[in-house]
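Hello,

Here is the structure I promised to pass on. Please have a look at it, and then read my notes below.

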Amino acid sequence: MSTFCGEEIGKLGFGLMRLPRNEDKTINTDEMSVMVDRFLDAGLKYFDTAYVYEGSEEAAKIALVQRHPRESYFITSKLNANAAKDEADAKNQINVSLERLGAGYIDFYLLHALSEKNVDIYDAYGLWDYMKQLKEEGKIRHIGFSFHGSPELLDRLLKEHPEAEFVQLQINYVDWEDPIVQSRRCYETAVKYNVPVVVMEPVKGGTLAVPPQSVREILEKASDTMSIASWAIRFVASLENVKIVLSGMSNLAQMDDNLSYMKDFQPLNEAEQAVIKEAQEAFAKIPQIPCTACHYCTGGCPMQINIPELFKVMNRYMLFHQEEDAKRRYAGVTAEGGKAGDCIGCLQCEGECPQHIHITEWLGKIAEAFE
Ligand code: SF4
Ligand code: SF4
């Protein structure tokens with residue numbers, strides 16, 4: 001059993017974001033209860049929810065809190081300043097979460113999804129000091145934050161906030177060297193400060209469970225008993241400073257698969273690490289738009305096209321060929337206009353791009369694929 005923030009907790013965390021659903025889209029708390037029991041029976045204890053996961057905290061109350069002794073599990077929730085109207089509203093989220101969960105206190109409480117885009121709001125609302133106050137009051141037991149920004153910002157936050165006892169990072173074997181996500185550099189920054197890491201999205205939102213054919217062949221050749229998703233989860237769990245790996249399990253089959261290799265976790269051996277390297281190389285061979293999301297191109301676009309976000313959708317599509325998912329993401333990014341097809345070909349953007357990307361050509365392909 002691994003130790004995390006002084007608590008004895010197994011390495012797998014149950015992410016309560018993609019819970020099983022009934023036909024009417026409500027959370028199926030009967031199936032969830034069976035999953036919760038199986039998870040606890042395996043000696044695992046970490047449950048991860050958030051104020052903004054719709055229905056999740058209430059479902060945790062039914063399936064977990066009301067059915068098991070308080071000392072048999074650890075519950076996590078998160079304060080999301082982006083989802084608040086103002087400071088008072090942000091600070092009240094803990095009360096709402098406590099009420100929804102009915103667990104008396106929250107074991108691990110996080111500032112949610114910090115990045116360059118929102119870090120100032122968390123400062124302006126005084127939420128770091130507020131976290132310390134909550135801990136002193138006994139409403140929470142440990143302070144952390146989840147993070148989606150650059151290694152430079154992470155370095156600054158860890159330096160300025162020694163009260164952060166852990167950090168939750170997006171790490172998986174494909175994003176390990178990705179120039180935007182920069183999983184490796186973020187992980188190494190946490191190691192530098194000796195801050196334990198909780199990993200979110202180890203299977204990249206489920207996509208690494210259904211990787212491109214070239215990658216699938218490598219993993220299937222390496223083992224005919226291990227699931228494709230298990231490689232992704234074991235890769236992150238093998239990192240020394242990773243103490244918890246969250247898996248957003250949606251059904252019993254996923255739960256059983258995860259438990260089969262995480263109940264008594266064994267890190268990847270040398271031969272298995274070589275397999276992951278091969279898979280990473282196969283991913284690297286798949287063509288991608290080399291956009292670094294610097295946004296130099298967007299300020300002067302007369303059609304307000306969010307070029308890097310559209311490229312992100314296209315890159316993901318070229319990797320995983322999940323058309324429905326790509327179309328949904330595209331619709332989200334262009335909900336307020338700025339479709340690829342709106343481009344008038346003024347070429348302002350191409351003059352700004354340090355990567356010399358033929359932006360208009362790619363926008364044409366994106367419009368053809370998703371509009
Ligand atoms: S070429 Fe298209 S995308 Fe580029 S600045 Fe002009 S309108 Fe915007
Ligand atoms: S300028 Fe080039 S690299 Fe930067 S965001 Fe635009 S397309 Fe991407």
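The notes cover how to read the model, a helix pair, a ligand shell and the aromatic rings.

This is a predicted model, in which local features need pLDDT of at least 70 and side-chain atom pairs count only at pLDDT 80 or more, while totals for chains, interfaces and linings use all residues. Residues are numbered from 1 along each chain as written, chains are lettered from A and ligands numbered from 1 in the order written, and side-chain values use heavy atoms, without hydrogens and water.

First, the helices (DSSP runs of H or I, at least four residues). The axes of H1 (residues 29-41) and H2 (residues 56-65) come within 8 Å and cross at roughly 55°; axes here are lines fitted to C-alpha atoms over the stretch in contact, with angles from 0 to 180 degrees between N-to-C directions. Where they touch (heavy atoms within 4.5 Å), Thr-29, Met-32, Ser-33, Val-36 and Leu-40 of H1 meet Ala-59, Ala-60, Ile-62, Ala-63 and Leu-64 of H2.

Next, the ligand. Residues around ligand 2 (a heavy atom within 4 Å) include Cys-291, Cys-294, His-295, Cys-297 and Cys-353.

Finally, the rings. The whole structure holds 19 aromatic pairs (Phe, Tyr or six-membered Trp rings with centres within 6.5 Å; planes over 60 degrees apart are edge-to-face). Phe-4 and Tyr-46 have ring centres 6.0 Å apart and planes at 75°, so this pair is edge-to-face.

Best wishes

Definitions and conventions. Helices (H or I, at least four residues) and strands (E, at least two) are DSSP runs, numbered from the N terminus. Rings of Phe, Tyr and Trp (its six-membered ring) pair if their centres lie within 6.5 Å; planes under 30 degrees apart count as stacked, over 60 as edge-to-face and the rest as tilted.
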